[in-house]
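Trainee: Could we go through this structure together, asking at each step what a label rests on?
Mentor: Gladly, let's look at it first.

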Amino acid sequence: MAEAVTGSAEIGLIGLGTMGGNLALNIAENGFSIAVFNRTADKADSFHASAGALADKIVPTKTLEDFVAAIKSPRAIILMVPAGDAVDAQIAALRPLLDPQDLIIDAGNANYHDTNRRDEEAKAAGARFMGIGVSGGEEGARFGPSIMAGGPADGWDQVGHVLEAISAKHGDVPCAAHLGDAGAGHLVKTVHNGIEYADMQMIAEVYGVMRDGFGMTSAEIAEVFEGWNGGILQSYLIEISGKVARATDPETGRPMLDIILDKAGQKGTGRWTAIEALMLGTPASAIEAAVAARNLSARLDERKMGEAVFGAAPQASDKAVIATQMLEAALVAGKIICYAQGFGLILEAAKQYGWAMPLPEIAKIWREGCIIRSAMLNDMADALAEDPSRNLMLAPFFSAKLSETHDALRKVVAEGALKGLPVPALSAALSYFDIMRTERSTANMLQGQRDFFGAHGFERTDKDGSGYHGPWAMNAS
Ligand SMILES: NC(=O)C1=CN([C@@H]2O[C@H](COP(=O)(O)OP(=O)(O)OC[C@H]3O[C@@H](n4cnc5c(N)ncnc54)[C@H](OP(=O)(O)O)[C@@H]3O)[C@@H](O)[C@H]2O)C=CC1
Ligand SMILES: O=C(CO)[C@H](O)[C@H](O)COP(=O)(O)O
């Protein structure tokens, strides 16, 4: 175990990559002295040397022992390394050097089940651990991310003021909050990313209708996104979609979008969201469709073979039938539905773990700094404050918006189906909407089938109770 206080740095950070380096500069710029350490140890010195006026606030260290010794006790140490084994290995290397009251904070994109486990392991060892989700990419980390914290309340008491200071601000309200115990912060970050996947996918789908259906150029599409960003869809993702569509390749002079290969990467958080939704039995079909679309995009060779066998599907779509205003309305509907699914998933997980998850607070800390920041989150915060357990699409503001836009969503999905323009996330959102407004669904047939082949029993519409069987029991084969 380490000796008592030797250092003066107010906080420590391990992992000077894209996120960690920028977060460390942000912390220093906000007036907190910070000790830094990196696996490739020389990076700490080069980072320090390139920190300019902020160098005074940064203590570079080359061994874990020196790093730990440089931090004021009780220590708070942020890890910004890749999720999984790297986090466990870093914790294992640090613990023997720390005092029990010291706090390790995993600020990477962890699977919240890992965070729950690490929290239990820390508690069993009499130590303290927090998991915080940080969103905003490189620029957010440097100038103000959205921060979703989970872990012991005394951990938040120790570092909350630093996290609030470095976070993005909505007006003067920090986009950082303590959301619950253990993995609560990482769960919320994961769902944030799941929503991010769906939002991005739906934007890509309407881009596809404009490109392949309407035959619009990238510049024309950029103009549409730029226009939408001045309206109800105002958001970081619409804004950057306009910028991506507007950009030209410096090498060839061609639109960037014509140069970028159509194979989407993924680091796993969208998939974690979809898996979690399935495990918790809560519908997140728009998010699942977005994950599946990324998986399909990666199968470029198979897609080429498919095109060779069946011919390219997209056919021209009549702009008079599907105007760009209709695409905008379809995106509004899809967006409301994917957020309804995301917040529903958070609510379900919170129930399972007994976390008093503050849903309106989550919408508030997503208003700035993070990748899914948008004007609509303000209205979502208000709607969730009215009733956090109600499906978001039933809140009066959003039910009115959906009533105005679901017809456009249907027309876009129908046109996509007719013209071979894939719109899987918008289509999943539409099916969710249709199912969620149908009192009498078709699951009576499923129950009949289950009872027929497995005597699973069903409930009746005309009597109370369960475990009823149909007249087919003797005939089943
Ligand atoms: N990039 C983004 O937009 C966002 C990323 N995140 C999350 O932040 C975390 C860091 O991501 P990012 O900064 O982009 O990643 P980078 O690849 O830029 O940096 C990774 C850092 O972790 C260190 N590292 C890698 N492997 C190990 C290991 N086994 N043990 C100790 N240190 C290790 C690297 O050290 P070395 O220099 O030696 O390689 C480097 O400092 C991830 O969890 C990521 O998911 C969260 C939000 C946004
Ligand atoms: O957390 C993030 C943004 O919020 C990261 O940028 C994340 O890497 C994005 O996910 P993916 O790489 O799977 O697209």
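Trainee: Where is Ala-182 found?
Mentor: Ala-182 sits in the loop between strand 10 and helix 8; helices (H or I, at least four residues) and strands (E, at least two) are DSSP runs, numbered from the N terminus. Its phi is near 40°, a positive value in a residue other than glycine. Keep in mind that this is a predicted model, where local features need pLDDT of at least 70, side-chain atom pairs count only at pLDDT 80 or more, and totals for chains, interfaces and linings use all residues. Residues are numbered from 1 along each chain as its sequence is written, while chains are lettered from A and ligands numbered from 1 in the order in which they are written.

Trainee: Which peptide bond is cis?
Mentor: The one from Ser-73 to Pro-74, with omega near -10°. Pro-74 belongs to the loop between helix 3 (64-69) and strand 4.

Trainee: What is the strand order of the open sheet?
Mentor: Its eight strands run 3-2-1-4-5-6-7-10, with mixed pairing; two strands pair if DSSP finds at least two bridges between them.

Trainee: What makes strand 3 and strand 10 edge strands?
Mentor: Strand 3 (58-60) and strand 10 (176-180) each have a single partner strand, so one side of each is left without a neighbour in the sheet. From one strand to the next, the twist averages 25°.

Trainee: How do you know that strand 7 and strand 10 pair?
Mentor: Strand 7 (residues 146-150) and strand 10 share four bridges, in the parallel sense, and the definition asks for at least two. Gly-150, for instance, has Gly-180 of strand 10 as its bridge partner.

Trainee: Which strands does helix 7 touch?
Mentor: Helix 7 (residues 153-166) packs on the sheet against strand 1 (11-14), strand 4 (76-79), strand 5 (103-106), strand 6, strand 7 and strand 10. Its direction makes about 160° with that of strand 10. Helix 8 also packs on the sheet, touching strand 6, strand 7 and strand 10, and its direction makes about 20° with that of strand 6. Contact here is judged residue by residue (C-beta atoms, placed from the backbone, within 7 Å).

Trainee: Why is helix 8 called oblique to helix 10?
Mentor: Helix 8 (residues 184-213) and helix 10 (residues 236-246) pack at an angle of about 40°, with their axes 10 Å apart. Axes are lines fitted to C-alpha atoms, for helices over the stretch in contact, and angles run from 0 to 180 degrees between N-to-C directions. Angles under 35 degrees count as roughly parallel, over 145 as roughly antiparallel, 65 to 115 as roughly perpendicular and the rest as oblique. That is why helix 8 is oblique to helix 10. The contact is made by Asp-199, Met-200 and Ile-203 of helix 8 and Leu-237, Ile-238 and Ser-241 of helix 10.

Trainee: And why is helix 8 roughly antiparallel to helix 15?
Mentor: Helix 8 and helix 15 (residues 324-353) pack at about 160°, with their axes 10 Å apart. So helix 8 counts as roughly antiparallel to helix 15. Their contact includes Val-191 and Gly-194 of helix 8 and Gly-334 and Cys-338 of helix 15. The residues of this contact divide into 17 nonpolar, three polar and two charged; Ala, Val, Leu, Ile, Met, Phe, Trp, Tyr, Cys and Pro count as nonpolar, Asp, Glu, Lys and Arg as charged, and the others, Gly among them, as polar.

Trainee: What are the classes of the residues around ligand 2?
Mentor: The shell around ligand 2 has one nonpolar, eight polar and two charged residues. Among them are Asn-193, Glu-196 and Lys-267, and a residue qualifies as near if its C-beta atom, placed from the backbone, lies within 6 Å. Helix 8 and helix 12 (269-280) give two or more residues to this shell.

Definitions and conventions:
Contact = placed C-beta atoms within 7 Å.
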